[in-house]
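Have the sequence and the fold open side by side for this one. Let's walk through it, from the whole chain to a few individual side chains.

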Amino acid sequence: MEENLAIKVEKVNKIYKLYPRPVDRIIDTFHLMPWKKYSEHHALKDVDFTVKKGETVGIIGTNGSGKSTILKIITGVLHPTSGNVSINGRISALLELGAGFNMEYTGLENIYLNGTMIGFTKAEIDEKLDSILEFADIGEFVYQPVKTYSSGMFVRLAFAVAINIDPEILIVDEALSVGDVFFQAKCYRKFDEFKRMGKTILFVSHDLSSIAKYCDRVILLNKGDKLGEGSPKEMIDVYKQVLVGQYTSDKNSNVSEEDVANCMQQGINPDTLEYGSGKAKISGFSITDEQGRETNAIIKGQKYTVHMYTEFSEDTESPIFAFSVKNVKGTEITGTNTMFEKAFMESVSKGSRKEISFTQVMNLQGGEYLISFGLTGYEAGEFTVYHRLYDCVNITVISDKDTVGFYDMFSEVTVKDMQGT
């Protein structure tokens, strides 16, 4: 293995045997039948990649793509069916919540348990204890069994242990999504500190904003295959194509209709609040990026378009088409409609179908948002709702720079010396 590499993954496959009944596992184990009693699930298929020392590398992909599986193989939690993984450096891993912790032990006992498992002596852990407790900041709860912890307290302690035992390679799998925003900021500052120290970070996250901001390189997995690796922007762009079933390559050129249907449902709320008179209806909606590709992930600073598709079962005088954006806490951030924009003031006849498109630059901060749609109007001077869909679709804003508040002013900043200073 080359000296400049921290991790080398070569032709790794992971196959799980899926048995329809528990008894079939026993039959197969003791070879009681001449035919196999299982189907095979290929969680990873000939996956190859390397991570250089000092790199921060992200792994992205839809659920079931093999992200967590490859991390578990790298950390030794799982063994590959075939292939090889080489590690050059001491690893500290923060996988799913609870991995490596004994729920009956106190937080303090778990610190020593984890440190011992990694290879430290009690004296070495004693030296690091103050920095672990300071970072975790859970007070007297460190003397209580971890089974009594909230998920936020648990991840604080787990991350504090992982980063303070002086790893050369830090591996994190989605764990930071549990902590509060202040603790997440603290962890990412630690990421920056690790990078300056030349340490290696490999992490899985659905938070594309964090991937874009912190990663030097990104690996994209899909259904066990490595689709590619490259810059965060490049791989996030490909990932967006995967989400809507528009990705094709020589290796994956046969995307099925079922795949497309499943991908198209990404981000759609099954509990959408819906009501209206029924005189007209919103028959569909979509979001496209500045290349015209349907997606639920938009890069801050780029143009995007919100589309709504409508049908009219009666003649309707001057309908108003609207959309609005909320944050996940329910605060309405922004929105507009065709009346505000003076874009459409005509009457619509029965049987008409209209597509309305709102195009704008994405100025919202990185994060998750919900979009609502409305089709309304005035009848005899009275405001009337024909159809509304509240919080019907999720949109992710990808950003490598967030400012204060809800949106970015994209200020142009100059600094100059003043006379007489």
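Predicted model: local features only at pLDDT ≥ 70, side-chain atom pairs only at ≥ 80, totals over all residues.

The chain holds 9 helices and 18 strands. Of its 421 residues, 46% count as buried. Take the contacts between residues at least 6 apart in sequence, and 71% of them join residues at least 24 apart.

Now pick out the open sheet of 6 strands, which runs in the order S5-S6-S7-S3-S8-S9 with mixed pairing. Its edges are strand S5 (91-94) and strand S9 (225-230), each of which pairs on one side only. From one strand to the next, the twist averages 15 degrees. Zoom in on S6 (residues 169-173) and S7 (residues 200-204): these two run parallel and are joined by 5 bridges. Here leucine 170 stands opposite isoleucine 201 in S7. Helix H2 (residues 67-75) lies across S3, S5, S6, S7 and S8, running at about 150 degrees to S6.

Next, the charges. Side chains of opposite charge can pair when their charged atoms come close. The whole structure has 18 salt bridges. One of them pairs glutamate 10 with lysine 8, at 3.8 Å from N to O, and glutamate 10 is partly exposed at 31% relative accessibility. Another joins glutamate 229 to lysine 226, with the closest N and O atoms 2.6 Å apart. Glutamate 229 has a relative accessible area of 32%, so it counts as partly exposed, and lysine 226 is partly exposed too, at 24%. Both residues belong to a network of salt bridges that also takes in Glu55 and Arg217.

Which residue does aspartate 408 form a salt bridge with? The partner is lysine 300, and the closest N and O atoms are 3.0 Å apart. This pair links distant parts of the chain, 108 residues apart: aspartate 408 sits in the segment after strand S18 (382-398), and lysine 300 in the loop between strands S12 (297-299) and S13 (303-312). Aspartate 408 is buried, at 3% relative accessibility, and lysine 300 is buried as well, at 12%.

Last stop, the surface. Met339, Phe340, Met345, Tyr378 and Phe383 make a nonpolar patch of about 540 Å². Methionine 339 is in the loop between strand S15 (332-337) and strand S16 (353-361). With a relative accessible area of 33%, methionine 339 is partly exposed, and it qualifies for the patch because the cut-off is over 30%.

How values were computed. Residues numbered from 1 in each chain as written. Heavy atoms only, no water. Patch = residues over 30% accessible without salt bridge, like charges linked within 9 Å, V, L, I, M, F, W, Y side chains within 5 Å. Areas by Shrake-Rupley, 256 points an atom, 1.4 Å probe, with all protein chains shown as cover. Salt bridge = Lys/Arg side-chain N within 4 Å of Asp/Glu carboxyl O. Helix = DSSP H or I, 4+ residues; strand = E, 2+ residues; numbered from the N terminus. Buried < 20%, exposed > 50% of the residue type's maximum accessible area, 1.4 Å probe, protein only. Pairing = 2+ DSSP bridges. Axes fitted to C-alpha atoms, helices over the stretch in contact; angles between N-to-C directions. Contact = heavy atoms within 4.5 Å.
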